[in-house]
Amino acid sequence: MAVLCENVEQFSAGVNGAFDYVICGGGTAGLVVAARLTEDPDVTVGVLEAGQNRMDDPLVNTPAAAMQMLSHPDYDWMVESIPQKGNLNRTHAVPRGRMLGGSSAQNWTLYTRGSDSDFDNWAALVGDRSWSADNFRAYFLKHQTLEPIGTSISEEDKEFMPFQREFHGKEGPIHTSFDNWHLPFGTEFLRAYHNTARREVMPLDPWSGDHLGFYSTLATVNSSTGTRSYAASAYLQPNLDRPNLKVLTKATVSKIILDQKGGTSTARAVEFLHGSKQHVVQANKEVILSCGVVQSPQSLELSGIGDSNVLRQADVSCLVNLPAVGENLQDHPGTVISWTLSPNTKTMDQLADPAALVAAQEEYMSAHSGILTSVTSSMGFLPSRELVSETELQHTIDIIRSLPNKTPFQAQQREQIINLLRSPKHASVHFVMCPATLNLSEEAVKDQKMSSVLRIRVSNSVGRGSVHIQSADPLVQPTYDQAFFENEADVAVATAGLRFLDRVANGELKDKIKARIYPPPEVNLHDDKQANDYIHSLCISEYHPVGTCAMSQVVDGRLRVKGVSGLRVVDASVFPNHVSGNPMSAVYALAEKASDMIKEDSKVN
Ligand SMILES: Cc1cc2nc3c(=O)[nH]c(=O)nc-3n(C[C@H](O)[C@H](O)[C@H](O)COP(=O)(O)OP(=O)(O)OC[C@H]3O[C@@H](n4cnc5c(N)ncnc54)[C@H](O)[C@@H]3O)c2cc1C
């Protein structure tokens, strides 16, 4: 029996149209669960994935090619936000991977982990200590293999690659490595931030639960091949010979079919579209929804699970009234600061020169090395309170306290944000170096007017958006509102980050930097109004949405949908709160933990 099925007949053959578990969405989390559940040869799993198999695709496998998948319909769901009030009513592209591996096939591969305080806050919100940092940590090690540091890396560069073996996995499916290829000025920039922030010591290990400071991060790149390590290559490819696992691509889930008897709702089957036809597959034990932050709430609502008012407007009958579905959308709202660099300082912009690109491709093909294996790995985190005065901090807290709370959950989240802003240990502001520019004009490249962009992200924003269906048609995109910078508390945190980077540029990096491009040089960042206006005019996402089927609100601590039996959600949508840093590692860890919970519950039942 083929694992990767080409048609519905192959998918259903041998299982009589019913699997023990049907997983909707073969993305980052979905493929972890599929792999772990089918370790037991007596358990059958069917995965329905809307996208295609792209395991041999160079755009997926080459780390530096990720940008080319953005807004490309073969790879990306091409979701678009509604006009953002906090950003001059502009709309934003919201990329989401549409292929086996989901967004792990499309992302930038930066591998970070949240702070301990992030997961301790999860445990408090959910009322379940198993999500606390100490208890959850084992699942980060379980999914990861830390590869040895490259022999070509200089001692100077190694100084900014701190790690302790005990915080890393040795035999997990996802391979992580430090960039083998470094921009010559990367370490110099990191040192300048480190010195300006007056950090006395380097982080011990940024994956230990404390990632304050500046460092080169790991990437989910297999260093021996220079290729992306992601859910499909790591969790599916090695298991393609399992007879108890089947995956159907180009299969779009349209709804979960609920059996309603005696006042209880049970998920029994999944309806999906393949080609132009509608099909149904039965689940003997459970349906697992892993369609991601946009489509998991969409699928629940299409199935009649959600806020009755939202469902009525979309012409869907409400079977389970669960008003929190699609709410609590959080991202890492951010802004940028960028400069042209002094002549002959090379950045990734060099790839805009056709000859340099050809040389890079040749090196990549022949030796699996060079600039194309590289991601933008220099980054850092600082506590917000180190960047602002006591009066400024109190002002931000007062803004948060003045907000009306819609629910006790929201009140608790806001108290947590206040505590994180006050904490000298929490990574409230995230800085990411992107050594490239949008100015790729021939002239700019020829003159070596290369640029570097630094992105500033708010780790735990106050803003909360939503995702809701607007139609009963599964092919109509839901309304996506990320509520970027609608709250001035988030603007204040980002402003502090901008000012810090400007200070470094005018201080230790003065000789390296030629001119500021963004914010335009005439913007005075020390003037509150000018800084705020700039942030409202240029805000970006790092494409880290989470939280739309939040634990404790939509699902319980074991990820079971409230009010429905036999249905779980396992993906980034169940994060109750955002984490500081890029979320992929937490998604892998969550899916590993979910797999154990599903196995345990199956024994009990
Ligand atoms: C461009 C980009 C860059 C990023 N960079 C980073 C980074 O560097 N580091 C980091 O840590 N994080 C990064 N992220 C975020 C990270 O990749 C995601 O948080 C994570 O992969 C989400 O996993 P998931 O399982 O929740 O969803 P996904 O991985 O998106 O999986 C959802 C799957 O469900 C499928 N699906 C959806 N709807 C249906 C349907 N109706 N029927 C069938 N299948 C369906 C999708 O096609 C997809 O395969 C980035 C994300 C993007 C998009």
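Good morning. Of the 39 residues around the ligand, the nearest are Thr28, Glu49, Ser103, Leu110 and Met584; a residue counts as near if one of its heavy atoms lies within 4 Å of the molecule. Please note that this is a predicted model, in which local features need pLDDT of at least 70 and side-chain atom pairs count only at pLDDT 80 or more, while totals for chains, interfaces and linings use all residues. Residues are numbered from 1 along each chain as its sequence is written, and side-chain values use heavy atoms, with hydrogens and water left out.

By class, the shell around the ligand holds 17 nonpolar, 18 polar and 4 charged residues. Here Ala, Val, Leu, Ile, Met, Phe, Trp, Tyr, Cys and Pro count as nonpolar, Asp, Glu, Lys and Arg as charged, and the others, Gly among them, as polar.

For Thr109 the distance is 3.3 Å, and for Pro583 it is 3.4 Å. The protein covers 99% of the 1,000 Å² of accessible area that the ligand has on its own, by the Shrake-Rupley method with a 1.4 Å probe.

Which elements give two or more residues to this shell? They are α2 (28-37), β14 (251-261), α9 (292-302) and α17 (584-604), where helices (H or I, at least four residues) and strands (E, at least two) are DSSP runs, numbered from the N terminus. Strand β14 gives the most, with 3 residues. Thank you.

How values were computed:
Polar contact = N/O pair within 3.5 Å; in protein donor to acceptor, adjacent residues only side chain to side chain.
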